[in-house]
Structure formats: C-alpha cells, structure tokens
Amino acid sequence: MYKNLESMFSVNAAGMKKSVIRELLKLTQKPDIISFAGGLPAPATFPVKEIAELARELILREGDWALQYGPTEGDPRLKQEIIKIGERDDMKMDQENILVTTASQQGLDIVGRVFINPGDIVICGRPTYVGAISAFRSYAAAFEGIELDEEGMRMDHLRDKLKALRSAGKRPKFIYVVPDFQNPAGVTMSLERRRLLLDLACEYETLVVEDTPYRQLRYVGDHVPSLYSLDAGEGIVIDLHTFSKILFPGLRLGWVQAHKTVIDKFVIAKQAMDLCTPPFTQAIAYEYCNRGLLAAHIEENVELYRNKRKTMLEALETHMPEHPGIHWTKPEGGLFLWMTVPESMDMEALFYKAVEANVAYVVGTAFYADGGGKNHARLNFSYPSPEDIVEGVKRLAAVIKEQLSS
Ligand SMILES: Cc1ncc(COP(=O)(O)O)c(C=O)c1O
C-alpha cells in the first residue's frame, strides 16, 4: 500500500470535497425523525405492479434486444415517445435533437464536460440546485450567483452582471436555471423573465441550460412556456429532463434536448462515460409510455402532491411564529418550499437542535455556489405523510420559537 495515495489524485479530484450537508444529513437517519430534508418522490407513487408485469413480459418478448448494449444516442422508440411528451408541451424536436441520458444528473455532467474549461464562468441562481454546483465544480467552473425572487432569477441583476463581466472582458459559458418550481426555492420564472433571459443570453452571446425535472408537477396556477419552446430551435437553450419525478428515480433515465450540433458532441462525451444508458430501463420506459400509462400516472402524482403541499402550507401558517423575518415560498408545483428566518438566525447551527427535536431540513448554505444562505432552509413535502408533515412542522416551529426567545 502506498503511503500517500492522495497525492496521485488529479487537480480536479483534489478539488472535490465531501459535502458538509451530506455529513449533516447522516444525523437524520434516526428512527423517529421526520425528515423534510430529502428530495425523494413518495414511494406510494411508484407503479410497482405495472412495472413488474411489464418488465417480465418485456424480457421474455425482447430479451435479446433489451439485455444487449444499445446506441449511445438512446433507443429510437423511446425518443419517439419523448418527442410526443415534448409536443404536448409545445416543444418541437426531432430524434437528432435528443440524447437519452442516465437521468438528468448525467445531463449536467455532460454539459460540464463539453462546455466548461477550468475557470470558465457559470451563472446560476442564489440559491440553486446543489447537484448542478457539484457537477460544474468538478470541471473547475467559477460561479457567479444571481438573486431570485418570487418570479425566479432577477433579470435586472443578471443584466448588470453580464454588463460588468463584458467590461472586464469576460463571457460566461452559460446561465444555469431551474425555471419551473425551482429546487430549492420552489419559485417559477415568469414568462416575461423567460423572454428577457433569452434576449440577454443572445445579446451577451452565452447559452442557457434549462434543468426542469418538476415541470409536469404543477398543482396550481397557469402553465408557462418552457425556455426551449421560446428559443424555437435557435440553439441557445440546452434543456434537461428526467423520468425521476414523473415515473420513478430508480430508472435513472432522462434526456437532453438541444441543437443537433450540441447533441452530436454530447453523444461523443457520453460514449466515454457509460457507452449507453441501459437499454433495459429505456425499454421499460418506452413500454410504459407507449401503453398510454404515463399521463394518468402523472395526474395521480399531481393529486397526491397537491394535497401534501397544501398540508405543509397550512401547517406552516398555523404553527410558525409570527415574525416579519419569517416567511416561506408558496410553490405552484415541484417538491420543495423555501423558508427564510431572520438574518441573525443560523439554520446550520439550529440543525442540531432540530435533529434533537426529531425533525430535519436541508440547510440553505448547500444551495449557494458563492457563499451565503445561513438563514434559509429547504423543506420537502413530497416524501413525508400528511400526518408527519403537520407533526414535523410543529416540531420545527417549536425549535424556531425557542431560538427567537433566547
Ligand atoms: C433541479 C434538479 N436537476 C437534476 C436533478 C437530478 O435528477 P435525476 O438525476 O434523478 O434525473 C434533480 C434531483 O433532485 C434536481 O432537483
């Protein structure tokens, strides 16, 4: 055994740090804890029986194909179903605009691999999805954060940032956004801001990475067109999707929609990563969609999560102390809401007290690429039962009340 194996790591690997948040989350694995921390879909939504039957039939019928290697681009039959999903959402694309991925986390990695040189600037929300920060950081991206409000990323701040960067002779590689029911903040980008974002990206010659795992999980409010549909094939938008939140995450299946030039390069990058996404899981998803089961399944999920969202919002309203510094977002869809407490309060320090009181959340700092977020917490409402949501909010409210009075 070598003494200093770590000295052999690449510069990139040396920069990969254990997440403090993951370490904190280990504390939440006590039996009595009610956790708002995970980002997990409710297992009750998993179509266990249908998938068991369908998988058995599939292996017996086309095992030769489904258990074999497949094309890196993805199963053309599944891509056809993806095109139909897009059409229902006003998005036009051909097979050449789609790369099937091993879920959208791989899509993020491919984006990083293909676009980011060390030190390249990536613009993202404050806060933003922590998995995107890790993916882009592993290619040594430099982050510039833009504040969000109820309508998503602030376009006035984005314009100022782009202007300042241009004056300094810098051009960001892309702007990363989760426009629908953002993880973690739960906010949705308004149509006006989506248009402005594309105009700004065009003016400042940068790309937009649209990551939208929750798009089909809308519980209230009106549909807003995707950035991909607004871009209308211009090639500004690279759009990441996944089956994780609309079917089940164990499939590890998603896709990227983008201009053919981008997809062609992504295919080459993916070849080196895993040759292909498992044809077996692609065949399962294809069958599920082709039998017309997906739309009804999404409807059921929406119904379940709509109630859980309502339960959490009502519980917060009832139990959280009234204080001008304490508020939370009211997401129209997705799995999360975002809580803000007075600036003097540190949700990281409070996490230990919350765990003692048998309730957990994700500390806001996880979602800031450039520091900050101590007085925020992300609360998930899809996984816990409605009873646990109420009880968990009561426990959290008691911890916050005690902190306010101390
Ligand atoms: C915004 C966002 N992007 C990507 C992912 C990764 O999802 P998956 O790899 O399961 O598709 C998640 C998971 O929670 C997410 O919230």
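Residues are numbered from 1 along each chain as its sequence is written, and side-chain values use heavy atoms, with hydrogens and water left out. Because the model is predicted, local features need pLDDT of at least 70 and side-chain atom pairs count only at pLDDT 80 or more, whereas totals for chains, interfaces and linings use all residues.

**The two domains**

Begin by colouring domain 1 (5-46 + 296-405) and domain 2 (65-292) separately; these bounds come from an automatic or database domain assignment. Their C-alpha centres lie 24 Å apart, and 30 residues of domain 1 are in contact with 35 residues of domain 2, contact being heavy atoms within 4.5 Å. The area buried between the domains is about 2800 Å², with carbon and sulfur atoms giving 61% of that area; buried area is the accessible area (1.4 Å probe) that two parts lose on being put together, summed over both. On the domain 1 side, select Glu332, Phe367 and Ala369, which lose the most area to domain 2 and together make up 22% of what that side buries.

Next, display Arg218 with Glu332, whose side chains meet in a salt bridge at 2.7 Å, N to O. A salt bridge here is a side-chain nitrogen of Lys or Arg within 4 Å of a carboxyl oxygen of Asp or Glu, and two are found across the interface of domain 1 and domain 2.

**The second largest pocket**

Now select Arg88, Asp89, Arg215, Gln216 and His223, the closest to the centre of the second largest pocket among its 19 lining residues. A pocket, on a 1 Å grid over the protein atoms alone, is an open set of points with protein on both sides within 12 Å along at least five of seven lines, and lining residues have an atom within 4 Å of a point. Helix H12 (residues 294-319) supplies the largest share, five residues.

Within this selection, Asp89 forms a salt bridge with Arg215, their closest N and O atoms being 2.6 Å apart. Asp89 lies in the loop between helix H4 (76-87) and strand E2 (98-101) and Arg215 in the loop between strand E7 (207-211) and helix H9 (227-231), so the pair ties together parts that are 126 residues apart in sequence.

**The cavity**

Finally, select the lining of the largest cavity, including Leu148, Met153, Tyr176 and Val187; a cavity is a set of grid points where a 1.4 Å probe fits but cannot get out. Its volume is about 90 Å³, a volume being the space filled by probe spheres set on the points.

Note on methods
Helices (H or I, at least four residues) and strands (E, at least two) are DSSP runs, numbered from the N terminus.
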